[in-house]
Amino acid sequence: MRSIVYYLREFFRPEWVRKFFFAKTAPLVAPSYFKDYPSLTEKECTGCLTCMMICPAPGAIAVLHKKDGWEPEIYPGHCIRCGLCVEACPEGVLSSGRILDVTRRDKTAFSSWYRLQVDDTLCMRCGNCCVSCPVNREIDPQLAGTGTSASDEVIMRIEGGRVTILHEEKCTGCKTCENNCPNRAIRVARMVEGVHLEEAEA
Amino acid sequence: MYLLNTRETVLDNLERLTGSRINTAYMIPGGVRFDLLPEDAAAMLADLVKVEGEMRRHTGMFETGPLIALRSKGIGVMDREEAIRAHTVGPTARASGVVCDLRLRHPTYRELGFTQVTRTEGDNFARIMVRFQEVFQSIDLIRKCIDSLPDGPIRGGGLCKAGEVSYGGEAPRGELTYSIKTDEYGRVVDIAIRTPSIMNIEACAHSMIRDVTSIADVTSTFISSDPCIACNER
Ligand code: SF4
Ligand code: SF4
Ligand code: SF4
């Protein structure tokens, strides 16, 4: 009995009753700083693939060649809304919440570079990696089929029956090669460091 | 159900700082993603007052409400020896008087003057109350942190290289350990995660539930060990 009285007193305080009958829940609106799936701004994508490089979720973002140039596409089922692509894009093509404003204000950035490794025991010299690499494609549009190339400027090519990496520094870390390798022989290592711009320049 | 309302306020604050409520993706090696603005810090402090007030009321209801005390005091008792033997961690162990909070060894928490919340009853009531007390403790810690937040860069850089490490930190449910092995470029080669619920559910099944006499109490005893099923089903 005592306990019933206790809870009646607890729950029938005038404030509570008033709230129960008259309180209106504010309509649910996402605040402006909510990090939604990245959306496109009007800026032009240069196809540098930085967004694909930094994305931690497999298959969440792809930069596709559309009629009028490159355009990143987000796959919401895969995207975890971390907003890293927004932060990493040097052109500000993507936008989500207030990330763009905040990174500008904080002067934060990512510096990154990549390493390519081919495991010769796994590689079967199919050339898929050389063909699929978007950077290779740009440099040598003729590169196809076997992955051989006449150009010395490509990132990697099949040379003498094995993958030779010529210009690691041109790699954008998009991992397309890795995804297209049937044997997981080629591995891209993405080295990303979060930095403060003033410090990086100093 | 009431507490969910308070939780909303907490999540709103997380969102204000990081942009997301749960998966905040806020920390990066060597720093964090965004800086805390003075106006956001002020709003956060204001919300903390609100959260604290609401929590005081809820705690009062739990602590002094006769129905709850009747249902939870002396039920699901696990003494200190049993808690140690079962390797319990987190609030479940602390409610049985085990000194196990890893934050006691963490340099940042030490600087903040962290002390562990301990109760000795080891019953359902103690386990709930430890968690309530820890909420207040955390509120104080957040206040201290905001007060003593130094200016300066929020990112110091830093790269992951080859290595192998096993590190345990104090998660809300207790000790959470990650063992990670990486290669020369910081790619994860091997990873093992030990979540706190693994031990706590075991302890619940073998120690706490033993003397429970009614089905209704089984449920509440199980819940009082704060089991996370997703943590175990991996
Ligand atoms: S928000 Fe994060 S998960 Fe989503 S596409 Fe961008 S980088 Fe990938
Ligand atoms: S990650 Fe692979 S596909 Fe992408 S740019 Fe580098 S070499 Fe080419
Ligand atoms: S795609 Fe893989 S198997 Fe084929 S050549 Fe490239 S590294 Fe070798």
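**Ligand shell and interface**

Mentor: Around ligand 3 sit C123(A), M124(A), R125(A), C126(A), G127(A), N128(A), C129(A), V163(A), C181(A), P182(A), A185(A) and I186(A). A residue is near a molecule if one of its heavy atoms lies within 4 Å of it. This is a predicted model, in which local features need pLDDT of at least 70, side-chain atom pairs count only at pLDDT 80 or more, and totals for chains, interfaces and linings use all residues. Residues are numbered from 1 along each chain as its sequence is written, chains are lettered from A and ligands numbered from 1 in written order, and side-chain values use heavy atoms, without hydrogens and water.

Trainee: How many residues of each class are in the shell around ligand 3?
Mentor: Ala, Val, Leu, Ile, Met, Phe, Trp, Tyr, Cys and Pro count as nonpolar; Asp, Glu, Lys and Arg as charged; the others, Gly among them, as polar. The shell around ligand 3 has nine nonpolar, two polar and one charged residues.

Trainee: How many residues are in contact between chain A and chain B?
Mentor: Contact means heavy atoms within 4.5 Å. Here 39 residues of chain A contact 35 residues of chain B.

Trainee: Which residues of chain A lose the most area to chain B?
Mentor: Buried area is the accessible area (1.4 Å probe) that two parts lose on being put together, summed over both. Y7(A), Y33(A) and K35(A) lose the most, together 17% of what that side buries.

Trainee: Which side chains meet in a salt bridge?
Mentor: Look for a side-chain nitrogen of Lys or Arg within 4 Å of a carboxyl oxygen of Asp or Glu. E87(A) and R33(B) meet this way (2.4 Å, N to O). The rule finds one salt bridge across this interface of chain A and chain B.
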